[in-house]
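The entries below keep to what I looked up.

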Amino acid sequence: MEHMKMGNYSPVTEFILVGFSKYPVLQFFLFMLCLIMYVIILLGNSLLIIISILDSRLHTPMYFFLGNLSFLDICYTSSTIPPMLIIFSSETKSISFIGCALQMVVSLGLGCTECVLLAVMAYDRYVAICKPLRYSIIMNRVLYVHMAAWSWIIGYLTSLLQTVMTMILPFCGNNVIDHITCELLALLKLICSDITINVIIMTMVSIIILVIPLLLIFISYVFILSSILRINSAEGRKKAFSTCSAHLTVVILFYGSALFMYMKPKSKDTNTSDEIIGLFYGVITPMLNPIIYSLRNKEVNEAMKKVLGDTCIY
């Protein structure tokens with residue numbers, strides 16, 4: 001009987017993203033804010049990538065991973081913010097079925113990749129501080145390139161699995177997404193068949209992509225802190241901590257919002273607070289990353305001043 005009822009509906013060919021449409025003033029404010037932040041994200045992260053390529057002092061595993069993180073942030077925001085701006089300024093607020101699936105697989109894949117990449121960066125800091133004499137041997141080019149590559153592969157495999165398992169299920173005419181982007185949790189609420197397998201997969205992925213990397217980061221920083229406290233000179237402790245503080249700040253911002261979104265109890269209706277947290281997760285964190293790394297890192301600061309100074313002279 002349920003199968004017959006489901007068969008009465010036409011296949012969904014597009015989705016309507018309502019998001020903040022009930023709050024037109026807030027929507028206009030968010031349009032301007034997101035546009036400004038997107039420009040800052042492009043400029044800041046592009047500058048970090050450029051200086052990490054041009055300055056030979058930054059040709060190290062740490063800055064290779066940082067370049068990957070900046071490129072990831074540019075791709076992530078480019079997959080979400082321009083469509084979001086179009087939705088904010090459009091009357092129809094629609095996105096095609098294929099477009100929604102592509103947006104979800106790209107944005108979810110990049111988000112999962114960042115989780116793994118942040119854990120890889122924590123391991124790099126652990127080796128640099130706890131095993132400084134063996135750092136260049138352990139973190140050789142082959143290893144750190146493979147670590148970055150596998151971060152991308154794992155991120156996109158988990159994203160592809162979740163996207164396919166969601167989009168093959170029937171929506172039974174339900175095409176109004178109470179969100180500002182094609183987001184996994186919002187789409188699952190529209191499905192009119194059993195989503196037990198999806199929930200199990202999402203829980204397993206959350207543990208593998210969120211919890212395990214976070215646990216590895218925590219363990220790495222326990223060893224890092226222990227090593228820093230054993231350094232005799234105050235200047236040495238300060239220098240060692242400064243190399244980790246930027247990464248630790250980014251981890252707190254990223255995982256704080258990600259864990260709130262994906263690990264908290266799910267409700268049937270999307271709250272405005274959930275959407276704002278989602279916006280924070282997708283826009284503000286990538287904008288702050290280059291600012292945090294440039295302010296908290298002396299080498300990046302000096303390289304940035306050198307590149308900008310040479311550009312001005314030229």
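**Entry 1, the fold.** I note at the outset that this is a predicted model. I looked up the secondary structure of the protein and found eleven helices and three strands, which run from the N terminus in the order α-β-α-α-β-α-α-α-β-α-α-α-α-α. I then asked how much of the protein is buried, and of its 314 residues 47% count as such. For contacts in the protein with a separation of 6 or more, I recorded that residues 24 or more positions apart account for 81%.

I looked up the volume of the largest pocket and wrote down about 600 Å³. Of the 20 residues that line this pocket, the closest to its centre are Arg125, Lys239, Ser242, Thr243 and Glu299. Which helices each supply at least two residues of the lining? I listed helix H3 (61-89), helix H4 (97-130), helix H9 (234-263) and helix H11 (298-313), and among the contributions to the lining the largest share, six residues, comes from H9. By residue class, the lining divides into seven nonpolar, four polar and nine charged residues.

I went next to Thr243, one of the residues closest to the centre of the largest pocket, and placed it in helix H9. Is Thr243 buried or partly exposed? I found it partly exposed, because its relative accessible area is 24% and buried would require a value under 20%. Leaving aside neighbours within four places in sequence, I found Thr243 in contact with Met62, Arg125 and Ile129. I also noted that the C-alpha atoms of Thr243 and Lys298 are separated by 8.7 Å, although these residues are 55 residues apart along the chain.

I counted two salt bridges in the model. In one of them Asp124 pairs with Arg125, with the closest N and O atoms 3.0 Å apart, and I recorded both Asp124 and Arg125 as buried.

I looked up Thr166 and found it in helix H6, residues 141-167, where I recorded it as buried, with a relative accessible area of 1%. Where does the side chain of Thr166 reach? I traced it to the backbone oxygen of Gln162, at 2.8 Å. Not counting residues up to four places away in sequence, Thr166 touches Met104, Phe171, Leu184, Leu187, Leu188, Ile191 and Asn198.

I then turned to Thr158, which also lies in helix H6 and is buried, with a relative accessible area of 13%. Once neighbours within four places in sequence are left aside, I found Thr158 in contact with Cys112, Val205 and Ile209.

Conventions. Residues are numbered from 1 along each chain as its sequence is written. This is a predicted model: local features need pLDDT of at least 70, side-chain atom pairs count only at pLDDT 80 or more; totals for chains, interfaces and linings use all residues. Side-chain values use heavy atoms; hydrogens and water are left out. On a 1 Å grid over the protein atoms alone, a cavity is a set of points where a 1.4 Å probe fits but cannot get out, and a pocket is an open set with protein on both sides within 12 Å along at least five of seven lines; lining residues have an atom within 4 Å of a point. Grid points are joined across faces, edges and corners, and a volume is the space filled by probe spheres set on the points. Helices (H or I, at least four residues) and strands (E, at least two) are DSSP runs, numbered from the N terminus. Ala, Val, Leu, Ile, Met, Phe, Trp, Tyr, Cys and Pro count as nonpolar, Asp, Glu, Lys and Arg as charged, and the others, Gly among them, as polar. A salt bridge is a side-chain nitrogen of Lys or Arg within 4 Å of a carboxyl oxygen of Asp or Glu. Buried means under 20% relative accessible area, exposed over 50%, partly exposed in between (1.4 Å probe, protein chains only). A polar contact is a pair of N or O atoms within 3.5 Å; within protein, one must be able to donate a hydrogen and the other to accept it, and residues adjacent in sequence count only if both atoms are side-chain atoms. Contact means heavy atoms within 4.5 Å.
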